Amino acid sequence: LYYRQQQLPPRTMAEPENPIRRAYLACGRAIFATIERTIPPFATFADNMRGMFLTSVEKRTPPFIYHALISPSCSHVLGPMLMLGLIMAVVQTTGRLTLFSFHPIFMSFGCATCMSEALLVYRNGHLVNVFSDIMGGTSRGQARAIHVTLNIMAGTFVVLGLTFILVNKEYYGKSLIPHTTHSLVGVATICMVVVQYVIGVAKIKSNQQHSRHKFHGVAGKLTYDLAMLAIVTGCLEFLPWTPYNLGVVFSFWLLWLSIQLQHRLSQRKEQSESGKERSGSDIGRGGGGSDQSDDNDNSRDREALMGARGDPESPGRKGGEGGDDGGKRKSE
């Protein structure tokens, strides 16, 4: 009767959920649960091995070389220069631009330039300072926007590079199954890029950056390691071992080392700052307790002094001035 008076459509029962959508969601949850169980152990192991290697490098590297590597200008300049150097090496080897030539061009731009900068957006803050004037929001939001944009660019160029190499293999009748070291590492890199995109989207949608998907950063460093390893193995397998080409390969290794050292240094600074904040809060809590105990001691001393002087508020005065009890208390 109410729906008739209000001229509303009659209330109907909820329609059953589409079984295809239900199966799609169940498959997605299963894949995501598998990723969360599988990726973190490998990423943690790779992070420990990388940390041991970087520690040995820090101990054995001369100070002037170490300070040059941890400078943000090193990675900002070395990435684009390496991309141009690799393009020259590829064109010099092939003699002209072919379908295959675009594969290293797009892959190097996506991995050596965009991915390198995306890895350091949260660390050195240089790109945030450059684009902060034309961006709104907090510095954290600006860093996230730049990080997402650079990763989208990196993924786009990686897909373009993969497309060109597949078209080239199909055109020349070669097998699409990976069988070389470079191809196997490249497949692993692409799989990790896809996994990182899935985790990144889930992390943004959940809006719980500090409670879930903490392995996203460690897995990102592993993805960058695989990407640079794929570039180095590809150069060693395809390019002739001339001094110029070997210099390009060595420069890619220096770029990887510079990125990882900068990342490691920024992590140390964050840990030291958080440790200082925790120690300061502990000292504040301890200082408050001591002040409270001092106040209690002062109050007890004040009460004893008032009782000794025979103030009206003292227990002796309350018993009466001429009473025997009060006199005894005073004498005591």
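Predicted model: local features only at pLDDT ≥ 70, side-chain atom pairs only at ≥ 80, totals over all residues.
Residues are numbered from 1 along each chain as its sequence is written, and side-chain values use heavy atoms, leaving out hydrogens and water.

The protein chain contains 13 helices and zero strands. Helices (H or I, at least four residues) and strands (E, at least two) are DSSP runs, numbered from the N terminus. Along the sequence the pattern reads α-α-α-α-α-α-α-α-α-α-α-α-α. The chain has 332 residues, of which 33% count as buried. Buried means under 20% relative accessible area, exposed means over 50%, and partly exposed lies in between (1.4 Å probe, protein chains only). The chain exposes about 21300 Å². Carbon and sulfur atoms supply 62% of that area. Accessible areas come from the Shrake-Rupley method with a 1.4 Å probe; for residues, only the protein chains shown count as cover. Contacts (heavy atoms within 4.5 Å) were also examined. Among those between residues at least 6 apart in sequence, 75% join residues at least 24 apart.

Helix H8 covers residues 139–171. The helix has 33 residues and should span 48 Å at 1.5 Å a residue. The expected span is 1.5 Å times one less than the number of residues. The end C-alpha atoms of H8 are 48 Å apart, which agrees. The buried residues of H8 are Gln142, Ala143, Ile146, His147, Leu150, Ala154, Gly155, Val158, Gly161, Ile165 and Asn168. These buried residues pack against helix H5 (102–119), helix H6 (121–124), helix H7 (126–131), helix H9 (181–206) and H10. Gly173 follows H8 and has a positive phi, near 70°.

Charged contacts were considered next. Side chains of opposite charge can pair when their charged atoms come close. A salt bridge is a side-chain nitrogen of Lys or Arg within 4 Å of a carboxyl oxygen of Asp or Glu. By this rule there are five salt bridges. Asp47 pairs with Arg50, with the closest N and O atoms 2.8 Å apart. The two residues are three apart in helix H2 (residues 19–60), so about one helical turn separates them. Arg50 is buried, at a relative accessible area of 5%. Asp47 is partly exposed, at 24% relative accessibility. Asp47 also forms a salt bridge with Lys221, at 2.8 Å from N to O. Asp47 lies in helix H2 and Lys221 in helix H10 (residues 215–238), so this pair ties together parts that are 174 residues apart in sequence. Lys221 is buried, with a relative accessible area of 6%. Asp47, Arg50, Lys221 and Asp225 are linked in a network of salt bridges.

Helix H2 takes part in another such pair. Glu58 forms a salt bridge with Arg268, and the closest N and O atoms are 2.9 Å apart. Arg268 lies in helix H11 (residues 243–309) and Glu58 in helix H2, so the pair ties together parts that are 210 residues apart in sequence. Arg268 counts as partly exposed, at 37% relative accessibility.

Aromatic side chains were then searched. Rings of Phe, Tyr and Trp (its six-membered ring) pair if their centres lie within 6.5 Å; planes under 30 degrees apart count as stacked, over 60 as edge-to-face and the rest as tilted. The whole structure holds nine aromatic pairs. One of them joins Phe53 and Trp256, whose ring centres are 6.0 Å apart and whose planes meet at 40°, so the pair is tilted. This pair links distant parts of the chain: Phe53 sits in helix H2 and Trp256 in helix H11, 203 residues apart. Phe53 is partly exposed, at 35% relative accessibility. Trp256 is buried, at a relative accessible area of 13%.

The rings of Phe102 and Phe106 have their centres 6.1 Å apart and their planes at 25°, so this pair is stacked. Phe102 and Phe106 are four residues apart in helix H5, about one helical turn. Phe102 is partly exposed, with a relative accessible area of 28%. Phe106 is buried, at 18%. Phe102, Phe106, Phe109, Phe157 and Phe164 form one aromatic cluster.
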